[in-house]
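Student: I have a model open and want to go through some local geometry with you. Can we start with a loop and then move on to the helix packing?

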Amino acid sequence: MSFVAEFNRLPLEPLLRRSLSATTPPVREALANPRPSLAEFADLISPAAGELLEPLCRRSRALTQQRFGKVIRLFAPLYLSNECINNCKYCGFSRDNPILRVTLTVDDVLREARALKEQGFRNILLVAGEHPKFVSTGYLIDCVRALHEEVPSISLEVGPMETDDYRPVVQAGADGLVVYQETYDRAVYAAMHTAGPKRNFQWRMETPERAYVAGFRRLGIGALFGLADWRFEALSVAAHADYLLRNCWKAQLTISLPRLRPCAGEFEPLTQISDRDLVQLVCAFRLMYPDVGLVLSTREPAKLRDGLVPLGITLMSAGSHTEPGGYTGAGKEHLHRTERGRIVELGASEWATTRNGDVHATGQFDIADERSPREVADLIRRLGYEPVWKDWDAALSYT
């Protein structure tokens, strides 16, 4: 039985009502419980729990240090391509957006990865839009194989694939897969995804399970906050995490908590989650899952990221670029513009990325924390934590 079947039976609406009506006594009970239930997680993300944020933060901080020590792992996204056949209203790469696009060659990818290595990174997330013509399984295998000798830890965030298509990518050297459901609200999901294979809600939801069978040792999930009610999304992510921990237990699990950012197309968030709500959510997930990695990206502003370091976050990106070739300018000579999925005369685009007078491919979204990786690492040290650049080495595994 896949998570889809379990998800369809979840009492999410009653849990959401419980969360919104929770009072202080059950919140305090949930705070004291070493193994909260999903119902108690609903209490921990309630407005009532928001009034107890200080003790919630203290418990989250203590648990995180107990399980992970005073360590923050650092990673960087490396965008391979912004080609995409999906229409997703909230995404800069959406097929119908008239943006500048490019797919990096394998040599370009190596150039970008080596620039990241020079900054210290040994943990890289390869990201691409979903387009079988440009981002084929063979292309991903070639990219991973080329990087494997130089980068100890390689993860993917690409369009969902079949188990048999994932296997050769794992064999080439990829060890992690990240896939966000975006939103667990079926109605909102259908409204946001108007064309392309991403319209298939169930297919996407089952992706971590297919990846696990294929041999990935790390799985990452999450929702994109700003599409549906944040408490509904949080309850859904928590239930999904619980299922994966029970059924894909040989893999490490991470949960990401990304919020919508400005991007090509000028989509405005449908719902809001405040900074204070996000802090509460991070702490609630830590209490619910003490051993799960919690990820924070450069979508968030520097001050908030700094404040979250001691409270439960274990993995952070730094110095990120969300456009292919963003670190070195690789691929500029192959730029092209599309309108409704068709290549047109290059011309100008209001969504182009411009740096030092050079035009680059369009990014997926605007980042908020523009500090360099070194600046982020220095800040982590000043907070009394140790930045760790290397997450994994294949030499440590046994066959």
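Student: Is Glu266 buried or exposed?

Tutor: Glu266 counts as exposed, because its relative accessibility is 58%. Buried means under 20% relative accessible area, exposed means over 50%, and partly exposed is in between, with a 1.4 Å probe and protein chains only. This is a predicted model, in which local features need pLDDT of at least 70 and side-chain atom pairs count only at pLDDT 80 or more, while totals for chains, interfaces and linings use all residues. Residues are numbered from 1 along each chain as its sequence is written, and side-chain values use heavy atoms, with hydrogens and water left out.

Student: Where does Glu266 lie?

Tutor: In the loop between strand E9 (252–256) and helix H14 (275–288). Helices (H or I, at least four residues) and strands (E, at least two) are DSSP runs, numbered from the N terminus.

Student: What is phi there, for Glu266?

Tutor: Near 60°, which is a positive value in a residue other than glycine. Most residues other than glycine have a negative phi.

Student: And what about phi of Glu182?

Tutor: Phi of Glu182 is also positive, near 75°. Glu182 sits in the loop between strand E6 (176–178) and helix H10 (186–192).

Student: Buried or exposed, that Glu182?

Tutor: Glu182 is buried, with a relative accessible area of 9%.

Student: Helices now. How do H8 and H9 pack?

Tutor: Helix H8 (residues 137–148) and helix H9 (residues 163–172) have axes 8 Å apart, at an angle of about 15°. That makes H8 roughly parallel to H9. Axes are lines fitted to C-alpha atoms, for helices over the stretch in contact, and angles run from 0 to 180 degrees between N-to-C directions. Under 35 degrees counts as roughly parallel, over 145 as roughly antiparallel, 65 to 115 as roughly perpendicular and the rest as oblique.

Student: Which hand is the crossing of H8 and H9, left or right?

Tutor: Right-handed. A crossing is right-handed if the near helix is turned clockwise from the far one by less than a right angle, and left-handed if anticlockwise.

Student: Which residues of H8 and H9 meet?

Tutor: From H8, Thr137, Ile141, Val144, Arg145 and His148; from H9, Asp165, Pro168, Val169 and Ala172. Contact means heavy atoms within 4.5 Å. By class, this contact of H8 with H9 has five nonpolar, two polar and two charged residues. Ala, Val, Leu, Ile, Met, Phe, Trp, Tyr, Cys and Pro count as nonpolar, Asp, Glu, Lys and Arg as charged, and the others, Gly among them, as polar.

Student: What is buried in H9?

Tutor: Thr163, Tyr166, Val169, Val170 and Ala172. What covers the buried residues of H9 includes H8, strand E5 (153–157), E6 and H12. Just after H9, Gly173 has a positive phi of about 135°.

Student: H12 came up. How do H12 and H13 cross?

Tutor: The axes of helix H12 (residues 207–214) and helix H13 (residues 230–247) cross at roughly 20° and come within 11 Å. H12 and H13 are therefore roughly parallel to each other. The crossing is right-handed. Pro208, Glu209 and Tyr212 of H12 make the contact with His240, Tyr243, Leu244 and Asn247 of H13. Those residues divide into four nonpolar, two polar and one charged.

Student: And H13 against H14, how do their axes cross?

Tutor: At roughly 20°, with the axes of H13 and H14 coming within 12 Å. The crossing of H13 and H14 is right-handed. In H13, Trp230, Ala234, Val237 and Ala238 meet Asp277, Leu281 and Phe285 in H14. The contact of H13 with H14 has six nonpolar, no polar and one charged residue.
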